[in-house]
Amino acid sequence: MNCYDIYGTGEIPMDIILSAVTKQKTKKVVFGFTPREQEGCNISLLKQEDTTLFYKTKDQNTCKENQRMFPILSRA
């Protein structure tokens, strides 16, 4: 299942949301955003052409330590 975003009010745990929208035979959920709760998630590198991000920071390991992605729905 591809989950591009979740909209709503309040703090509902991700496992409750996913159990409500997935089928019993669903084996994998691919998020189009960085979920707040990442426990149990396997993080993999998303490679796409013409998608280079430049950022400036004092800490050189920011992206390595805090793996994040821009939501797919925010891309043009």
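Is Leu73 buried or exposed? Leu73 is exposed, because its relative accessible area is 52% and the cut-offs put buried under 20%, exposed over 50% and partly exposed in between (1.4 Å probe, protein chains only). Keep in mind that this is a predicted model: local features need pLDDT of at least 70, side-chain atom pairs count only at pLDDT 80 or more, and totals for chains, interfaces and linings use all residues. Residues are numbered from 1 along each chain as its sequence is written, and side-chain values use heavy atoms, with hydrogens and water left out.

**Surface patch**

- Leu73 sits in the segment after α2 (62-65); helices (H or I, at least four residues) and strands (E, at least two) are DSSP runs, numbered from the N terminus.
- Together with Tyr4, Tyr7 and Ile72, Leu73 makes up a nonpolar surface patch with about 450 Å² of accessible area.
- Patches here take residues with over 30% relative accessible area and no salt bridge, joining like charges within 9 Å and nonpolar side chains (Val, Leu, Ile, Met, Phe, Trp, Tyr) within 5 Å.
- The areas themselves come from the Shrake-Rupley method with a 1.4 Å probe, and for residues only the protein chains shown count as cover.

**Salt bridge**

- The count comes to one salt bridge, meaning a side-chain nitrogen of Lys or Arg within 4 Å of a carboxyl oxygen of Asp or Glu.
- The partners are Arg36 and Glu11, whose closest N and O atoms are 2.8 Å apart.
- This pair ties together distant parts of the chain, 25 residues apart: Arg36 is in the loop between β2 (30-31) and α2, while Glu11 is in the loop between β1 (2-3) and α1 (14-21).
- Arg36 counts as exposed because its relative accessibility is 69%, and Glu11 is exposed too, at 63%.
- Pro13 also belongs to the loop between β1 and α1, and with 33% relative accessibility Pro13 counts as partly exposed.

- Phe31 and Phe33 are the two rings, arranged edge-to-face at 5.3 Å centre to centre with 70° between the planes.
- Both of these, Phe31 and Phe33, are buried.
- Leu18 lies in helix α1 and is buried, with a relative accessible area of 16%.
- Setting aside neighbours within four places in sequence, Leu18 is in contact with Met1, Val29 and Phe31, where contact means heavy atoms within 4.5 Å.
- Leu18 and Asp50 are 32 residues apart along the chain, and their C-alpha atoms are separated by 32 Å.

**Cysteines**

- Zero disulfides turn up in a search of the whole structure, a disulfide being a pair of cysteine sulfur atoms within 2.5 Å.
- For Cys3, the nearest cysteine sulfur is that of Cys41, 11 Å away.
- Cys3 counts as buried because its relative accessibility is 7%, whereas Cys41 is partly exposed at 30%.

**Gln67**

- Gln67 is in the segment after α2 and counts as partly exposed, at 40% relative accessibility.
- Not counting residues up to four places away in sequence, Gln67 touches Thr34, Gln38 and Ile43.

Methods
Rings of Phe, Tyr and Trp (its six-membered ring) pair if their centres lie within 6.5 Å; planes under 30 degrees apart count as stacked, over 60 as edge-to-face and the rest as tilted.
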